[in-house]
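This report sets out how the parts of one protein chain are arranged and how they touch. Please keep the sequence and the model at hand while reading.

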Amino acid sequence: MNSWITEYVQGLSPAEYQLHILILSILLGFLLYRSHQIYQRFRYISDTATSRIASAAQGFTELKGLGELIPGPEINSPFSQRKCLWYQCIVERRKQINKHSTWVEESNTISDNLFNIQDESGSCIVIPDGAHVIPTLTQVWYGSHNTGKHRYIKTRFNFQRYIGIGRYRFTEKMIMVADPLYIIGSFKSLRKTINNETLKSQAEELVKTWKMNPQRYLTEFDLDKNGKIQQGEWKIIRQHAEHEVLKRHQPSVHHTIQKPEESNHPFVISSIPEQEIIRKNKIIISINLLIFFFLFYVLLIAMNIQH
């Protein structure tokens, strides 16, 4: 192999030699940076213990549970119109450059809809913006026109889809409802209480209701028993109304998990188990390092050749 590399390098012009050295250096830097990124993610995932939603500490947290929709409008993928928790829909067009063809991205729609992760202790709202998502389902198909993005469901046996013929390529990624999820990110609990303006307004409405049936609701506040509610007694009634409103509005806690503010902390939403993520990260790091050392070896040989 050394002789082949030497022969190739010696056949380069000085300008080509410098360009090759620059490209090799950039590739080595990229591989090192990428491996470090993946290692950081792997380290956080393997070192962080799983928490129960109801008792999770505030901050960087790992959760496991089932994905569920939040009450309200359904989330549907723009391509297949299937109900899901998250989707990414990509449209690419084949472009001819000289004698080679490449795929150019025309659109990339990523869901930012909120959904829940639920375990046996409670539920947590997932804010997926900025997450590294590992989906449950990835489908790729081809078509002659941009309108072919809906064809995967309509023409399930489309010949173009299997052999890659077509001007357009469509990729649909989804996480489905009730899928087991692994999520690591920034966990926050928000306590929701009634504000003072709403408290006053609802207390006034309650007092108006009591006024419609004073014998039932207001008699106990007639402290001097003269059959009339005096100004001081109205103050007591309003205080009692506010107390009743507060009893109906017990403070509720909403948990959320989202992208951490720290840039070196990962935010991962995965439909595959934690151990599978760790295994895949190890494989990717190993492959990157093998390529890195090979290219580094080539660079050393090339730099030792007089040019």
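## Conventions

Axes here are lines fitted to C-alpha atoms, taken for helices over the stretch in contact, and the angles between N-to-C directions run from 0 to 180 degrees. Helices (H or I, at least four residues) and strands (E, at least two) are DSSP runs numbered from the N terminus.

This is a predicted model, in which local features need pLDDT of at least 70 and side-chain atom pairs count only at pLDDT 80 or more, while totals for chains, interfaces and linings use all residues. Residues are numbered from 1 along each chain as its sequence is written, and side-chain values use heavy atoms, with hydrogens and water left out.

## Overall make-up

The secondary structure of the chain comes to eight helices and 11 strands. Of its 307 residues, 36% count as buried, where buried means under 20% relative accessible area, exposed means over 50%, and partly exposed lies in between (1.4 Å probe, protein chains only).

Contact means heavy atoms within 4.5 Å. Among the contacts in the chain with a separation of 6 or more, residues 24 or more positions apart account for 72%.

## Helix packing around α8

The axes of α2 and α8 come within 9 Å and cross at roughly 155°. Angles under 35 degrees count as roughly parallel, over 145 as roughly antiparallel, 65 to 115 as roughly perpendicular and the rest as oblique, and α2 is therefore roughly antiparallel to α8. The residues of this contact divide into 24 nonpolar, five polar and four charged, with Ala, Val, Leu, Ile, Met, Phe, Trp, Tyr, Cys and Pro counted as nonpolar, Asp, Glu, Lys and Arg as charged, and the others, Gly among them, as polar. As to handedness, α2 passes α8 in a left-handed crossing; a crossing is left-handed if the near helix is turned anticlockwise from the far one by less than a right angle, and right-handed if clockwise.

Helix α1 (residues 2-10) also packs against α8, at an angle of about 55° and with the axes 10 Å apart, which makes α1 oblique to α8. The crossing of α1 and α8 is right-handed. In this contact N2, I5, T6 and V9 of α1 meet Y297, V298, I301 and A302 of α8, and by class the residues are six nonpolar and two polar, with no charged residues.

## Salt bridges

Side chains of opposite charge can pair when their charged atoms come close. A salt bridge is taken here as a side-chain nitrogen of Lys or Arg within 4 Å of a carboxyl oxygen of Asp or Glu, and by this rule the count comes to seven salt bridges. One of them joins R52 to E120, with the closest N and O atoms 3.1 Å apart. This pair links distant parts of the chain, since R52 is in the loop between α2 (14-47) and β1 (59-68) and E120 is in the loop between β4 (115-119) and β5 (122-126), 68 residues apart. R52 is partly exposed, at a relative accessible area of 42%, whereas E120 counts as exposed at 66% relative accessibility.

Another salt bridge is formed by E274 with K64, where the closest N and O atoms are 2.9 Å apart. The pair links distant parts of the chain, with E274 in helix α8 (residues 274-304) and K64 in strand β1, 210 residues apart. E274 counts as buried at 10% relative accessibility, while K64 counts as partly exposed at 38%.

## E92 and its surroundings

E92 forms a salt bridge with R169, the closest N and O atoms being 2.9 Å apart. This pair, too, links distant parts of the chain, with R169 in strand β8 (residues 168-175) and E92 in strand β2 (residues 86-97), 77 residues apart.

E92 is buried, with a relative accessible area of 13%. Leaving aside residues up to four places away in sequence, E92 touches W103, V104, E105, E106, R167, Y168, R169 and T171.

## Positive phi in two loops

Phi of Q81 is near 65°, a positive value in a residue other than glycine, and Q81 is found in the loop between β1 and β2. A178, also not a glycine, has a positive phi of about 75°. A178 lies in the loop between β8 and β9 (180-192) and is partly exposed, with a relative accessible area of 40%.
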